[in-house]
Each structure stands twice: as C-alpha cells, then as structure tokens.
Amino acid sequence: MILSFNPYLQGLLQPPKQIAIVGIYLALAWESGEECCIESSYLRLHSPSAEQAGEKDIFGRKSGGSSETNFSNVRLLDFHRIGNYAVRLRFSDGHSTGIYSWAILRSLADSYEQENPDNSH
C-alpha cells in the first residue's frame, strides 16, 4: 500500500481568497481568516527565481543567482495568478521571473513577521 500526502486535501495550499497590492505591500487574505502583508523589497530579495536565488546542479553546487541584497527602492507593479497554485510578481526593477507558490508566500509572510515584529499592517 502506497500512502501519499496530498497538501490540497489537507488545506495547506489553498489559494488566498484575496490578493492586492497596497502601497509597498502585497496583502493576502486566506480562507482561514488569516491576513498578512509582505513588503515589496522583502519579496524581491527572496524571489524564488533562478535569476535571484541561483540553481543547484545534481551535485548540489550552486551557480548563478544575484548578489544584490538592497531592494529598498523596488516596488511591486502588478501580479498574475498562475493557475490555482501561485502568482508571478512584476517589480519596478524589471524582475518578473519568480513564481511564488502559496506555500512560499505563507513561508515568506511568517519570516517577514518574525523579522519585522513592529510591522502593524
């Protein structure tokens, strides 16, 4: 018997019921009632794209990626839903290759809140 974990059945990867750009933040409202705001510069710094994060080969060696860490002047311009699992964000510096799954956005929201406890958004 093969057991498999289906995160959709567990409700872990449900899409947010609302997504909006509010000033310098990406605001998300989840079906659970949770709400979060993540600053544009934080999302840009943590883009999951190979352009930003780099890629690992089969031996675990990282190649590519960006050494840029200051995105304080970068803003979100818009976003496009990718199916029912993610969004592609477009930033003012031209970056638009990162696909942010719902799981990545939840993780980034948690880490952003931990790193910015005074953020009252």
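Please keep in mind that the model is predicted.

Let's start with the layout. The chain has four helices and eight strands. Along the sequence, they follow the pattern α-β-β-β-α-α-β-β-β-β-β-α. The chain counts 121 residues, and 31% of them are buried. Now take the contacts between residues at least 6 apart in sequence. Of those, 42% join residues at least 24 apart.

Next, helix H4. It covers residues 102-115, which is 14 residues. From first C-alpha to last, H4 reaches 20 Å, close to the 20 Å expected at 1.5 Å a residue. Which residues of H4 are buried? They are Trp-102, Leu-105, Leu-108, Ala-109 and Tyr-112. Look down the axis of H4, and these buried residues fall within an arc of 120°, so they line one face of the helix. Now turn to the face pointing away from that buried side. There you find Gln-114 and Glu-115, both exposed.

Stay with Tyr-112 for a moment. How many aromatic pairs does a search of the whole structure find? One. Its members are Tyr-42 and Tyr-112. The geometry is edge-to-face, with 5.1 Å centre to centre and 65° between the planes. Tyr-42 belongs to helix H2 and Tyr-112 to helix H4, so the pair ties together parts that are 70 residues apart in sequence. Both tyrosines, Tyr-42 and Tyr-112, are buried.

Another ring to point out is that of Trp-30. The charged end of Arg-106 sits over this ring, 4.0 Å from its centre.

Ser-47 lies in the loop between helix H2 (40-45) and helix H3 (50-53). His-95 lies in the loop between S7 and strand S8 (99-101). Are they buried or exposed? Ser-47 has a relative accessible area of 3%, so it counts as buried. For His-95 the value is 2%, and His-95 is buried too. Their side chains make a polar contact with each other, at 2.9 Å.

Leu-89 is part of strand S7, residues 86-91. Its relative accessibility is 0%, which means buried. Pick out Leu-43. Along the chain, Leu-43 and Leu-89 are 46 residues apart, yet their C-alpha atoms are separated by 8.8 Å.

Last stop, Val-74. You will find it in the loop between strand S5 (62-63) and strand S6 (76-82). Val-74 is buried, at 8% relative accessible area. Leave out residues up to four places away in sequence, and Val-74 touches Ser-40, Ser-41, Arg-44, Phe-91, Ser-92 and Asp-93. Val-74 and Tyr-42 are 32 residues apart along the chain, with 9.5 Å between their C-alpha atoms.

Find the buried face of H4.

How values were computed: Residues numbered from 1 in each chain as written. Predicted model: local features only at pLDDT ≥ 70, side-chain atom pairs only at ≥ 80, totals over all residues. Heavy atoms only, no water. Helix = DSSP H or I, 4+ residues; strand = E, 2+ residues; numbered from the N terminus. Expected span 1.5 Å × (residues − 1). Buried < 20%, exposed > 50% of the residue type's maximum accessible area, 1.4 Å probe, protein only. Arc of directions from axis to C-beta. Polar contact = N/O pair within 3.5 Å; in protein donor to acceptor, adjacent residues only side chain to side chain. Phe/Tyr/Trp six-rings, centres within 6.5 Å; stacked < 30°, edge-to-face > 60°. Lys NZ or Arg CZ within 6 Å of the ring centre and 35° of its normal. Contact = heavy atoms within 4.5 Å.
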